[in-house]
Structure formats: structure tokens, C-alpha cells
Amino acid sequence: MKTLRSILQQQDFSKDDIVFLLSLKEKSQVDELLNFAYKVKTEQVGRIVYYRGLIELSNKCKKDCFYCGIRASNKIERFSLTEKEVLECADFAYKNNYGSLVIQSGERNDKAFVDYIDTLLQNIHEKTNNELRITLSCGEQSLETYLRWRRSGASRYLLRIEASNKELYAKIHPQDDNHNYEKRLEAIQDLRLAGYQVGTGVMIGLPFQTLEHLADDLIFIKNQNIDMVGMGPYIEHPDTPLYQYKESLFSLEERFELSLKMIAILRIMMKDINIASTTALQTINSFGREAGLLAGANVIMPNLTPVSEKKNYLLYANKPSVADSPESCAESLTEKIEQIGEKIAFGKWGDSLHYRKRK
Ligand code: 5AD
């Protein structure tokens, strides 16, 4: 019978090992796992946090994912930030030395959208003296589009697999061409071909999801040789099809702890990648993002979206800080991070070490 200690000494984890770690119940054992991961983080990437200023560009979306509050079927007010608004966000990130930006939006593939992103990339770089790294998180696109955006200055791309198990993927998405598992996998391959630092991730605590699924998610991320990961708890949204399964979910506290364990195990499995401590963690616990950092994450995405539009970008219920400006989001965050003894790497790009070695 393996013990926690003997598993932590291994070079690599089997699926059974991961399930064992995810199943830990006793607080002292969970703490031992998280502390071990924090030690790995300290040695490998340092007690350093990289900021990525998050711009939620638009909630217009052609997809109809069963978990998401901005799914196409939902009758909500739809917005797109203007170029001027986006440039103001970028300017804020630049002046505050964030080093990097993330542009996230609902998924569209029409020419106007593809052109708009392209223009934004060029104009942000021009306005900020090419000093910011830009990550895109704008869903599945053609290889041609990925290449075009790459040429215009996007260097990282986040596309969560959401659930790496094909059957589970099918349960949380409509069954049509627009939500095809193979296409999503292909998009991740295309991103690599196009030369991006590639990010993916999953939701944790979905209906129908088991610990075995989550173990497979981590193995998927490792096998895909991913450079950056964003994963966080699933939080049910009342206006979505999956809400009907809310009674079957792990409690929010359990999903929170499971997410911290996932971060910790991944940090031990992939020592040199970038791992984000997500806003969804903070939704469950006001200390959530700091807890993510202490479990092995090293990236935080302070929100830069103008307050006027934040209320329209609710992917899940109870999203925090909807009324907070970028200034106030950043101020309290920076203080809280420094209080746990981590240093924010202002003015640094913080590229994934894994990516650099891979190149
Ligand atoms: N709970 C948690 N995360 C969600 N996302 C979408 N809906 C939810 C939800 N209900 C995540 C998806 C997506 C990212 C932008 O937000 O993983 O990739």
C-alpha cells in the first residue's frame, strides 16, 4: 500500500496515484500535498507572481455551452468594447507595469471579428511600445486565423479543453458541429503549429465528473506538453442547462479544495509551466486566489474590464468584484499577495519556462 509520502517522492504519477492524491481527506494530509507543491514551485519558478491584465472584450458568442452564462441562447445584453476602451485598458496595464495582457471574448469566426482582433493587436503594441505580451482567449479559430493573429503580435493563446474525457465533453456541450471534441483538440494542435505558448485547462467539479476524469485531465495536460494552465472550480449558473444537476454536485467547499489539489498535483507533475490562480477560486473563498498561489500557481489575472460592462460578462453566478474598477481590483490584490510573502514581477513578461525549454 502506497503512502502519501512515498507517492510524493516519485518522479511521476500514475492515474491511480493522482486519484489517491485527489481523494485525500484529512487536513494534515491535504496540507502536506499543498505544501510539497509550494516547495516545488519555490524551487522551480520562485515565489513570484506574474500579472496578466484581463480584458473581457465581448460577450457575443456563437456557442451554446451548457455551463456558461453568456451562451448564445441566453437573452442578455450583448456588448463589445470599442477600440478606444480596449486601448485604455492596455494603457492601464502598461502604466501599471503588468507586463502582459489577456484578451478574452465569446467565440466568433466572422471576418469583422477576426479583423478587429488583428487591429487591436497591432494598435496595442504600437501604443505600448511593444512592451506588453498579449495572450488571446477567443476560442476555436482556423489555423490561418491563429497564424494571422500570431503575426500581429499575440504570443500566447488559452483554449481550455474544459473536460478532456470525450463522453464528459459531450454531456456539457450540445451535440453539433459547433461543439465538436475532435475539433477542439485539433485547435490546440493548430495553436502549437502557429507558434504560440499554448494554454489549456478544465473545470473542476462539473456534473457527471469523477476523480478519475480529473486524473485523466492532468495526464492529458502533461501529454499535450502544455505551457500554461488555467483551471478552476465549476460554479453553476442558474440560467444554464447544467443548473438542473446542482443537487448532485460536490459542495462549493469541496470543489474549492479539489481545485487546490489539482493545482498542486499539476505543479509537481509539470514543474516549469505557468499555472493561473483563477477568479473562480476567489468566487468561492475571498482568500481563494492567494490559496491557489500557495498551492503552486504563479499567475494572476487582475480584471481590467470597464465597470460598465462587467455585469454582462458573467460566465458563472456570484462572480466577484463586478462593481470594482481596475484600480481597486489591483490595489487590494497586490497587498494581499505581498502579505503571503510572494513578489509580483512588475514589468516582466513571465513567459512559461517550459515554453522556452521546448523551443
Ligand atoms: N463555472 C466555472 N467556469 C466557467 N467557465 C465558463 N462557465 C463556467 C462556469 N459556470 C470557464 C470556461 C471557459 C472560461 C473562460 O470560463 O472554462 O473556458
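Glu182 lies in helix α8, which spans residues 181-193; helices (H or I, at least four residues) and strands (E, at least two) are DSSP runs, numbered from the N terminus. The model described here is predicted, and for that reason local features need pLDDT of at least 70 and side-chain atom pairs count only at pLDDT 80 or more, while totals for chains, interfaces and linings use all residues. Residues are numbered from 1 along each chain as its sequence is written, and side-chain values use heavy atoms, with hydrogens and water left out.

With a relative accessible area of 39%, Glu182 is partly exposed, a class that falls between buried (under 20% relative accessible area) and exposed (over 50%), as computed with a 1.4 Å probe on protein chains only. Glu182 and Lys166 are separated by 16 residues in sequence and by 8.7 Å in space, C-alpha to C-alpha, and their side chains are joined by a polar contact of 3.0 Å. A polar contact is a pair of N or O atoms within 3.5 Å; within protein, one must be able to donate a hydrogen and the other to accept it, and residues adjacent in sequence count only if both atoms are side-chain atoms.

Asn274, in strand β10 (residues 274-276), counts as buried because its relative accessibility is 4%. The side chain of Asn274 forms a polar contact of 3.0 Å with the side chain of Asn298. When residues up to four places away in sequence are not counted, Asn274 touches several residues, among them Arg52, Asp227, Val299 and Asp351, where contact means heavy atoms within 4.5 Å. Thr128, found in the loop between α5 (111-127) and β4 (133-137), likewise counts as buried, at 1% relative accessibility; with residues up to four places away in sequence again not counted, Thr128 touches Ala90 and Tyr94.

The residues around the ligand include Tyr67, Cys68, Gln104, Arg160, Glu162 and Tyr316, a residue being near a molecule if one of its heavy atoms lies within 4 Å of it. A backbone N or O atom of Tyr67 is placed 3.0 Å from a nitrogen atom of the ligand. On the side-chain part, a polar atom of Arg160 lies 2.8 Å from an oxygen atom of the ligand, and an N or O atom in the side chain of Glu162 is 2.5 Å from an oxygen atom of the ligand.
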